Amino acid sequence: MPPATVMPRPADQRDTGLEDAELRERLAYTWGRRPGIIGWLMTVDHKEIGRRYIVTAFAFLALGGLVAAIMRLQLARPEQHVVGPDLYNQIFTVHGSNMMFLFAVPVMQAFSIYLVPLMVGTRNIAFARVGAFSYWIYLAGGVFLWVSFILDIGPDVGWFAYVPLSGPQYGIGKRPDVWAQMITFTEVAAMATAVQTIVTVFKHRAPGMKLTEIPLFVWAMLVTAFMVIFAMPAVMVASTSLILDRLVGTHFFNPSEGGSALLFQHLFWFFGHPEVYIIFIPGTGMVSAIIETFSRRPVFGHVAVIISLVATGMLGFGLWVHHMFATGLPELGASFFTIMSMTIAIPSGLQIFCWLVTLFTGTPVIRTPLLFVFGFFFIFVLGGMTGVMVASIPIDLQVHDTYFVVAHFHYVLIGGAVFPLIGATYYWFPKITGRMMSERLGTWNFWLAFIGFNVAFFPMHILGILGMPRRVYTYQTDVGWDRLNLLSSIGAFILAASFALFFLNMLRSARVGPLAGPNPWGAGTLEWLADSPPGPHNFDHIPVVTHATPLWAERESLPIATGISVNRREILITTLAEARPEIREASPDSSIWPLLAAIATTIAFIASIFSPWAAVWGSALIGLTLIGWFWPKSMREDEE
Amino acid sequence: MIRRLPYVFAFAGVLSGCRHWQSAANDAGAEAERIWSLTLTFTIVLGLIWLAVMVAVAIIIRHRRRPPFSLHDARLDGAGHRRNSWIVGSLLAATVATVAILTVLSFMAQRPLFAGRAQTAGIRLIGHQWWWEVRYDGATPSEMFTTANEIHIPVGTPIRLSLESADVIHSFWVPSLAGKQDLIPGHNNSIELLAQRPGVYRGQCAEFCGLQHAHMGLLIVADAPDAFEKWQGAQRAAASQPQENDRAKGAQVFVSKPCALCHTIRGTPAGGKFGPDLTHVGTRAYIGADVLPLTPGSLAAWIADPHGVKPGVKMPPVHLGADELNAVTAYLIGLK
């Protein structure tokens with residue numbers, strides 16, 4: 001965008017008294033970035049970073065799906081030799097770690113980075129440079145895992161990396177360290193983004209947007225962000241203690257020296273179970289957004305849904321022991337976790353009832369996003385039902401660590417998060433790219449995904465009951481698992497085809513799809529007020545909100561807030577509960593330091609699996625980049 | 001009564017057409033039977049709830065419409081709010097009630113599971129990468145014996161197994177008899193088996209334990225009480241002295257080659273503790289933790305190249321001449 005040269009610019013030009021076209025041009029200049037590769041590396045625009053995050057996460061989805069296909073080839077028939085045990089163990093470890101840490105959590109946060117500022121009506125995300133840092137760290141962690149895998153030092157101890165198998169005595173070479181340090185990378189990235197989301201939602205909302213009027217997707221991402229902050233430190237303690245056990249001979253997990261192998265499991269699952277909800281709650285937010293728009297009415301029980309999101313987020317922390325029922329815990333302790341695991345069905349049920357009533361009393365219009373929501377109902381509710389089964393200790397003792405559980409969590413995660421995610425991609429794609437995705441390909445995409453998924457994963461319930469344990473690279477001919485496995489593999493390839501179609505549709509539509517305009521679905525939330533794709537400044541005027549679906553409440557024209565600078569990056573800070581305007585605050589400019597800090601952090605993280613001293617000189621290196629990052633600049637104080 | 005209800009998983013049997021000796025649905029143990037009844041109850045109740053949700057979705061799909069989108073067709077009015085609240089409220093109450101009932105059922109089913117934990121165990125099961133060491137206890141040392149990968153138990157008598165691990169975490173699971181329980185280094189776990197029908201039941205390690213986790217199987221043989229006594233008596237005895245020439249030569253090879261460093265054959269100088277006890281290896285149905293059925297051919301193949309059969313197994317290949325290999329195989333097969 002060229003600089004506005006029409007009028008001499010006063011030092012502090014406000015957005016009052018400017019023609020619309022000029023206002024737009026000047027705001028775009030102020031919030032835009034330098035052209036070229038350097039500008040690309042320096043940008044702190046939440047939309048560019050969010051887009052980058054989404055594309056990267058989808059790339060990891062494709063890689064993770066590719067290795068899953070290899071697993072299904074290997075298991076299609078008994079005693080096959082497509083891959084050997086060593087490679088297979090690396091593959092299932094990398095598949096699980098990749099899908100959880102590099103795809104599912106980041107892709108949800110990516111949508112949050114892109115959409116939350118738009119949905120709450122602000123011009124950039126809070127702590128914008130931290131967002132850039134978060135992306136680079138995430139990218140480094142992901143590349144680290146996959147390069148290790150290609151170099152045959154991919155972790156082979158499962159995505160849960162139980163000690164002692166991953167410990168100093170049994171873990172091979174640096175493989176478990178790669179797993180442990182990949183955790184550190186992705187958790188740093190996730191927590192940084194979580195902090196940004198919380199602050200953006202609490203302090204950057206458009207004036208008038210009360211807590212109860214925040215869109216449900218934003219609420220879901222807020223609850224998720226809090227869960228990230230409380231859950232992720234536990235797994236970082238676990239993975240860092242593991243590295244210490246392996247590198248400098250501490251004995252956190254060594255029973256013969258007073259450590260405990262079970263301690264690792266507690267730490268891991270204290271994170272690991274909330275992790276499931278960290279993936280699923282954003283999915284419910286997407287479902288709420290889609291249902292609202294396509295049933296042409298606000299979600300029934302807006303507050304009830306918010307309460308159930310918060311309740312799910314809290315109860316999610318009281319479930320972790322149901323992953324450990326077979327470890328021989330005392331009855332009373334284990335039973336508590338049965339009750340908690342059963343209880344979490346209640347808020348989830350409440351949400352589903354609210355959605356059904358919304359669709360029932362609305363006038364549903366079926367487009368691809370809503371198709372995927374129907375798929376979500378079919379698959380996720382079934383996964384929820386098997387979830388109630390594994391909450392029961394006796395049933396769990398049979399099906400734990402079998403293909404029944406593999407089926408269960410793929411129903412919950414693919415049904416509860418990936419189906420909504422694909423629906424959400426079809427839904428928000430016009431906002432992000434300015435073009436609609438093809439409905440025809442979308443319908444094909446849905447049916448292939450729906451049929452492929454169920455053919456691939458439903459038989460696994462039965463395989464688990466028939467005694468097939470998880471994480472086996474092959475199985476004998478005399479146990480009766482061959483036909484169901486073959487069926488499952490066929491389904492897996494149909495599912496893979498649906499993803500190929502999905503990616504194809506995105507690539508094609510991004511270039512030749514019909515132009516969307518700002519609000520192609522006639523939706524009610526603020527992101528549809530901005531252009532498609534939004535300009536660097538998101539909104540020409542900061543809107544004033546009076547309703548949970550502002551565009552439906554004020555159909556002719558939205559009230560606006562004025563008085564914000566157009567030639568400095570300035571955002572409006574509002575109060576937490578009522579969103580009354582408090583001050584105008586400076587929002588950071590582009591900077592190269594987040595990238596440099598991320599490079600320094602990457603060097604320190606990777607080196608510290610080889611030498612404990614890297615933690616020392618690595619900290620100094622990171623410190624240097626942080627000095628650059630925080631070097632004092634003449635910056636105006638925030639103003640009332 | 002419930003377990004006689006139409007078999008939910010019957011069609012799986014039709015699809016697979018093999019014997020299910022490792023199936024939770026083929027319940028032959030007291031614990032497995034309790035769990036299978038509970039599983040069926042849960043499946044039916046939860047399946048009906050799922051169906052109800054699907055019916056609701058189907059009705060919604062029938063009421064769809066196909067207008068173009070516009071900002072102006074969206075409704076904001078709260079008509080029917082009271083009725084909708086009642087619907088959601090009563091569905092929620094029904095959910096709470098269902099969840100409570102299922103929780104109570106689950107608690108009732110778990111009581112026998114935890115009741116006997118304090119009892120002393122008659123068998124020590126020790127997990128190794130990737131095989132099972134089985135030690136039978138007795139009143140005197142002469143009544144104790146060690147075997148591997150095959151556990152015999154008498155039908156109708158509850159038998160408690162203590163579960164230990166020599167290296168990483170394993171999990172003991174014989175679905176037809178009971179749920180699983182982990183073998184964790186530094187922890188004392190145990191499990192009770194009560195077989196109600198004689199038979200051979202297959203089990204497998206259920207906790208990922210490294211390279212050959214897939215090939216860590218074991219058999220539980222539930223014998224009639226007198227057959228069990230006979231088996232136990234035979235196992236307590238030391239290995240028989242080979243009579244034939246080639247078997248005597250095989251015994252000689254076994255103790256003069258590295259075999260004896262890892263394996264014990266009671267009554268001979270072979271006393272290694274690292275690998276499975278082979279005193280009565282000829283009585284077992286399988287070798288290599290349930291990888292191959294025990295035949296002279298498979299045993300010879302295993303000894304000649306264990307890594308060809310089970311890549312990564314801790315047993316090193318031992319170089320033997322053809323006649324040595326045949327002699328050792330004959331010797332071991334004859335250890336009844």
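Trainee: How many salt bridges does the rule find across the interface of chain A and chain B?
Mentor: This is a predicted model, where local features need pLDDT of at least 70, side-chain atom pairs count only at pLDDT 80 or more, and totals for chains, interfaces and linings use all residues. A salt bridge is a side-chain nitrogen of Lys or Arg within 4 Å of a carboxyl oxygen of Asp or Glu. Across this interface the rule finds one.

Trainee: Which residue of chain A forms a salt bridge with E207(B)?
Mentor: Residues are numbered from 1 along each chain as its sequence is written, chains are lettered from A in the order in which they are written, and side-chain values use heavy atoms, with hydrogens and water left out. The closest N and O atoms are 4.0 Å apart. The partner of E207(B) is R471(A).

Trainee: How many residues does chain B bring to the contact?
Mentor: Contact means heavy atoms within 4.5 Å. Chain A gives 102 residues. For chain B the number is 98.

Trainee: What is the make-up of the side of chain A that touches chain B?
Mentor: Ala, Val, Leu, Ile, Met, Phe, Trp, Tyr, Cys and Pro count as nonpolar, Asp, Glu, Lys and Arg as charged, and the others, Gly among them, as polar. The residues divide into 60 nonpolar, 27 polar and 15 charged.

Trainee: What is the mean pLDDT of chain B?
Mentor: pLDDT is the predictor's confidence in each residue, from 0 to 100. In chain B, 92% of the residues reach 70 or more, but residues 1-18 stay under 50. Where pLDDT is low, the predicted coordinates should not be read in detail. The mean for chain B is 89.
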